[in-house]
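Hello,

Here is the structure I promised to pass on.

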Amino acid sequence: MKISDFNSKFRSDLTELYTVDEVSSLFRIVLEELLSFDTTQFYLKPDYILNNTELDKVNKFTNELKKGKPFQYVIGETRFYNYKFYVNDSVLIPRIETEGLVDWILRENKDSKTTVIDFCSGSGCIAITMKMKRKKWNISALEIDKKAIDLAKRNSFRHSVEINYIHADIFSWNNYDEVDIIISNPPYVVESQKKNMKVNVLNFEPEKSIFVSDQNPLIFYKRIFDISKLKLKEGGLLYFEINPKFKNALISLSKKYSFSTYELKKDIFRRNRYFKFQK
Ligand SMILES: C[S@@+](CC[C@H](N)C(=O)[O-])C[C@H]1O[C@@H](n2cnc3c(N)ncnc32)[C@H](O)[C@@H]1O
């Protein structure tokens, strides 16, 4: 099959599930990641005939996409803060919003000896990016899912950084030292928001990395505030990614824990997304 014919077939196969722009981005992934072509090459050689191995690869990719599987899971990796990270269905696919959190923390904190813990670390994208950018930091990452920890370790190895991984449930684990900075992007979408979500998130990404109950939406933040009382150094910083819906509730909660000052920032979509508290 000619590559230009495959392009037409790919587009018609995916029109129901994806917008025209999304299909164009996915086709770029076919070219660059699966065929090691670049886009210019494609325009220069529309009559290029895909060999059997290439055809097999691109057909498998298309079939998985047709089921709604996120392309990052199909190719087994994604980009975060311009670095490549392995992903699989035991971790949340790192989001562009979370890059904003990492960016904020890096801009405000320099490379002096600093101890950091990342709660609910998933693929390790936050902890590992920090460590690549701040070599002197001593970073721990806590995560409940063993498979996620295993994948995060592969990501650490890929980027040659050392992270102290802790396989534990945040609600029962107490065995850690005082730190200068706590970071967390915990599960924060409430069950009632499910109805507005796309099938490729709902059917493929791990539920426990995304959802919390409508009855107790701030459960992770409460736990982290509790931990902070004992384990965050005086003057230490707490950075959260949040559900914009709970901005005010989180401000009220922080007051109960005597975090008197906070800073709130918006993500690139202009939604209230990140909090910083200082002890
Ligand atoms: C929203 S994801 C964030 C993953 C990663 N930090 C990121 O920003 O892409 C939340 C993570 O919390 C983990 N998690 C859920 N419940 C947990 C618990 N009780 N203790 C520790 N981690 C938990 C999930 O397995 C998931 O990896």
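In which hand, left or right, does helix 2 pass helix 4? The crossing is right-handed. Please note that the model is predicted.

Helix 2 and helix 4

Helix 4 covers residues 52-66. Its axis lies 11 Å from that of helix 2. The two helices pack at an angle of about 145°. Helix 2 brings L26, I29, V30 and L34 to the contact. Helix 4 answers with K57, V58, F61 and L65. By class, seven of these residues are nonpolar and one is charged. No polar residue takes part in this contact.

Helix 1 and helix 2

Helix 2 also packs against helix 1. Helix 1 spans residues 3-14, and helix 2 spans residues 20-34. Their axes are 10 Å apart, at an angle of about 140°. That angle makes helix 1 oblique to helix 2. Here, too, the crossing is right-handed. On the helix 1 side, the contact is made by I3, F6, N7, F10, R11 and L14. On the helix 2 side, V20, V23, S24, L26, F27, V30 and L31 make it. The classes are 10 nonpolar, two polar and one charged. Note L26 and V30 of helix 2: both touch helix 1, and both touch helix 4.

Helix 11 and helix 12

Next, a pair further along the chain. Helix 11 runs over residues 219-231, and helix 12 over residues 247-256. Their axes come within 11 Å and cross at roughly 25°. Why is helix 11 called roughly parallel to helix 12? The reason is the crossing angle: roughly 25° falls under the 35 degrees that sets the limit for roughly parallel, so the label applies. Helix 11 passes helix 12 in a right-handed crossing. Y221, K222 and F225 of helix 11 meet L250, L253 and S254 of helix 12. This contact has four nonpolar residues, one polar and one charged.

The cavity

How many cavities of 30 Å³ or more are there? The count comes to one. The largest cavity has a volume of about 40 Å³. Its lining consists of Y188, P217, L218, Y221, I242, N243, F246, K247 and L250. Seven of these lining residues are nonpolar, one is polar and one is charged.

Last, an open site. The second largest pocket has a volume of about 210 Å³. It is lined by 16 residues. Closest to its centre are N138, S140, N164, D177 and V179. Which strands each supply at least two residues of the lining? They are strand 3 (115-119), strand 4 (138-143) and strand 5 (164-167). The lining divides into eight nonpolar, five polar and three charged residues.

That is the handover. Please send any questions back to me.

Best wishes

Technical notes. Residues are numbered from 1 along each chain as its sequence is written. This is a predicted model: local features need pLDDT of at least 70, side-chain atom pairs count only at pLDDT 80 or more; totals for chains, interfaces and linings use all residues. Side-chain values use heavy atoms; hydrogens and water are left out. On a 1 Å grid over the protein atoms alone, a cavity is a set of points where a 1.4 Å probe fits but cannot get out, and a pocket is an open set with protein on both sides within 12 Å along at least five of seven lines; lining residues have an atom within 4 Å of a point. Grid points are joined across faces, edges and corners, and a volume is the space filled by probe spheres set on the points. Helices (H or I, at least four residues) and strands (E, at least two) are DSSP runs, numbered from the N terminus. Ala, Val, Leu, Ile, Met, Phe, Trp, Tyr, Cys and Pro count as nonpolar, Asp, Glu, Lys and Arg as charged, and the others, Gly among them, as polar. Axes are lines fitted to C-alpha atoms, for helices over the stretch in contact, and angles run from 0 to 180 degrees between N-to-C directions. Angles under 35 degrees count as roughly parallel, over 145 as roughly antiparallel, 65 to 115 as roughly perpendicular and the rest as oblique. A crossing is left-handed if the near helix is turned anticlockwise from the far one by less than a right angle, and right-handed if clockwise. Contact means heavy atoms within 4.5 Å.
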